[in-house]
Each structure stands twice: as C-alpha cells, then as structure tokens.
Amino acid sequence: MHKLRRQAECGLAGEFFNQQASDWNNNGLDAWLDAWMTSHTADIEANPYGFVGAFGRWAIGNPNWSCRDEGSEDDCDFNPCENAVLNGKRNETRQAYYVMESVNRLHTYFNGLNQAFSSASIVAALTKDSWATTLYKDKDVKSVTALREVLNAVTAVVGAGAAFAGLGGPITGAVAGAGAALFAGATGAISPLLGQHQDNTFQKSADLGGLLGSIVLKGMKTYINANNLLMRGENFQNTGDIRTYLKGGLFLDFPGIDKVAVIDNINAKLIGHAVNALWRSQKVFIIGGGACGDGQGIGEGPQDMAVCRDGKAWYLYWWEEPGGLILTKRKYGWTQKPLGWDRLGKGDYAGVTIADVVNSSLDSYAAARYAYGPETAVARAQDALQNGWGNPGAAGASWEGTFTIPVCDVGWAVTGDIPDKKYILQPTGKDYRPHWCGPICSGDVQQTRDWIRATNMANFQSPRFACPNEPPY
C-alpha cells in the first residue's frame, strides 16, 4: 500500500484519509462506480489493463496502473499526495480516492492469500504418519471410502477458509454481498479439481496430506487468478465483476492478510474434515443433553470427553468391538474414546480439539440432523455470509459441518420413563457397556433409529443386550 504523508501535505485527497467502510455507503460509491463504468466503457475496452488501467488513467493520470498478479510488488501502488490529476477532480476526488484505495487493498488481499497458500506448511501440516492406524481400525472400515468424503468437503473449506480467514471477523451489513461473492468464487474455482480424485480411497492414496495439500494449492492458484480477471473488469466464476467485490466498502479499510491465521485456519479445517470422515466410518457418536456434571439418574459420562454447552453435558464415544473369540460379557464390546483422540489439541493437530468436534457436530445436528453433507455446508456458509449470522472462515474447526458426528439428546430421560436408564451414559473402558433399552434420542423411536443408523450400529445387538424387553428401535 502507498505511504501517506500528513494529511495537510496531500491536498484535497488528504481530507479523505483514515476512511472507514461506512464512508463508501455514506457517499453513494456503489451507484457512482456503476455510473463511471457505464460512461467509460470505451476507455475500459481500449486499455490493455481493462478497468483498472482506464480508472488509473482517469484518476491519477497513470494508464499503466494494472494491479495484476505477475510478481511485481508495485504495479498497484499509488501516491495520492500532490497528484494534480486526483486533486483536480474536485467534487469527485473523494470517490476517485475511495475506489483507488479499495482496488489497491483488494489486490493486497489476493496477494496475501497467494503468499499464504504457497507456503509448504500446508502440505507439511496435513502429511501425517499413518492416518489409518491412528484414527481407525480395519475391523470397522473394511472398504474405506473416507477420502472421497474429505475431498467433497474441500470445496466448502477452501471457499470459507480462504475467503474469510483472510478477512477475519463478522461479515455483516452492506459488505455481506461482497463476502458471499468471495465465497462463491472460491468454491467455483476449486470444484473442477476434485473430480480427478473421486475414486480414491485411503488404501489407494496413503499420502492423504500430500493429496489434500496439492488440491488446495492448485485450487488457490485458480482462485488467486481471480485478481487479474477482476482488475480487467471481467466476471469471475459468475459472481460478478469487480463492483461485486468492492460493494459496500468491504475493502476500503481492509488492514491486510494475517497469513499465519489463514494457514492455521485452513489446516485446522482440512484436518478436522479428515478426522471426521474416518470417525464417521466407525461407531463414533455423541450422546448427552443432561446437566453438566451428571448425577441425574441416566448414568455417568467420561468427564475427560465431556463438553459443557449451555448447561448441558455432551460426551464423545467410540463403541469398540473385541477381536477374536471372547466368551465373557466383553464379547459385546465396550465404550471407549475414539482412536486418535489424544492427538487432538497437540502438535500438528493443535488446531482441532475435542470441544471443536462436539460443538461443530452439535451445530451440524441442529442444522440438518444426520444429513449434513457438502451441499449443506456450501449452502449454510453462503447463508451465514449473506445474512450476517456467522463467518465460517474465522471460526476454525468448530464451524458447523467440519464435524458431523451423530448426536443423540438423552436429556428427556432425566424425567422420562425408560428401562435401565441409569446405564444410558457410561464411563469408558472394557468394564463398561451402555444399555439403550428404549427410544433414547429425544424419546422418539424414528429419531433413535436414524441415529443408530448414522452411527453404523444398525443391526448391532450390543446396546440391546440385557434389556428387559426388546427395544423398539
């Protein structure tokens, strides 16, 4: 960005320094820019750099102002101080300066993303030693197609994380449309790359990290090329031209990219999706809904796997089955902590915690029950940005859809009537096995069936064993 002198030394343009996004709307810049582009269509078409070149010539007398992503660090710089052309615009100096500043900062945004995603740390953070043996057992996953699920989720991850980890904070009000366009453009750029890998499984592609990193880097390169299209005044991924991205003043006071935050955010989301896909192919589930600390007569959950949210406790479990011939009651398996749980929150997995797993899954459950897929993720992120209720890029791995571990709310059983309800929640370990002797999920038979199916426990007899009557689910 340009280096400014004191306002008093910079002529009329100096009066408009320290601008805020609200200044764009307060001075009618959307309509003004529409009118300018309409009246200067011929100039835009004639200039080799399109819109930006034509605007640079009109605003500061520089027809070579290109703002292209070609490795140059100064092709989008401008100095408003003592610029006779800019200050000579008089009644349009403010508008010219705001557009120049916004274009410059949009260019800086794209450059920052490009540099962040060119970092080798993305692939390094995703390349794990033996994802398979860390996070699942062959007994549970006989034909692993989990990689396909991870790749399906990458579209939303790149769209949300790249666009909004870079921006940070809420995307609300007048800038929501521009934020939604950034998301749509990113998802549109990455989608074509996924078809090349849709038949892969973890057996075929052991280097999950290398594959994910490669796709993200290629997708981001496609996305970053949006800079050149937009600067020329062209449409990017059917989201609109540069006016869509400047709308509402989104970039008028943009402070720059926090590259470390962008990398950490994308890594956390991709790792989260990978862990989720592997756990979803096993008997991993979340159950709870009673008071934090338990003691309500529906059993006692493992406190080291508990997340207390809005006064309710939720527990993350894995139902482990024994291998070989077991002649004791342990032949029915037991509740355990999911494989790899102890890696979360540490080292390469530092960006993903048990709380992220539970909170993301609870939000996914609230939004779409057990049917939260890639299409839902894209639609929900778009809605969040357009309507200002959340920023999926800034939320990290806790954003809904990163985890979709099936949730069962058993809080109703505190006052409800169900056989053996004191065994609904159990600690973890080989000596513990829950009894689910009725419609445990919200007291509803169909919802319990749906949950059982989502947890890969359909026709699984262990939770029914020792129930006084055959459960209806």
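Are Cys437 and Cys467 buried or exposed? I looked this up first. Both Cys437 and Cys467 are buried. I took buried as under 20% relative accessible area, exposed as over 50%, and partly exposed as in between, with a 1.4 Å probe and protein chains only.

**Ground rules.** I am working on a predicted model, where local features need pLDDT of at least 70 and side-chain atom pairs count only at pLDDT 80 or more, while totals for chains, interfaces and linings use all residues. Residues are numbered from 1 along each chain as its sequence is written, and side-chain values use heavy atoms, with hydrogens and water left out.

**Disulfides.** I counted a disulfide wherever a pair of cysteine sulfur atoms lies within 2.5 Å. That rule gives five disulfides. I then numbered the bonded cysteines in sequence order and read the pairing as 1-4, 2-3, 5-6, 7-9, 8-10.

**Cys437 and Cys467.** I found their sulfur atoms 2.0 Å apart, in a disulfide. The torsion about the S-S bond is about -85 degrees, so this disulfide is left-handed. Cys437 sits in the loop between strand S5 (407–409) and helix H17 (445–454), and Cys467 in the segment after H17, so the pair ties together parts that are 30 residues apart in sequence. Helices (H or I, at least four residues) and strands (E, at least two) are DSSP runs, numbered from the N terminus.

**Cys10 and Cys81.** I found a disulfide here too, with S to S at 1.8 Å. The link is right-handed, with 60 degrees about the S-S bond. Cys10 lies before helix H1 (21–26) and Cys81 in the loop between helix H4 (50–60) and helix H5 (84–87), so the link ties together parts that are 71 residues apart in sequence. Cys10 and Cys81 are both buried.

**Cys67 and Cys76.** I noted S to S at 2.0 Å for this disulfide. It is right-handed, at 75 degrees about the S-S bond. Cys67 counts as buried because its relative accessibility is 0%. Cys76 counts as buried at 2%.

**Strand S3.** Next I checked S3 (residues 312–320). Eight of its nine residues are buried. I called two strands paired if DSSP finds at least two bridges between them.

- S1 (residues 284–291) pairs with S3 in the antiparallel sense over seven bridges. Val284 has Trp318 as its bridge partner in S3.
- S2 (residues 306–309) pairs with S3 in the antiparallel sense over four bridges. Val307 stands opposite Trp314. In this hairpin, with two residues between the strands, Asp310 takes a positive phi near 50 degrees.
- S4 (residues 334–336) pairs with S3 in the antiparallel sense over three bridges. Trp319 has Thr335 as its bridge partner in S4.
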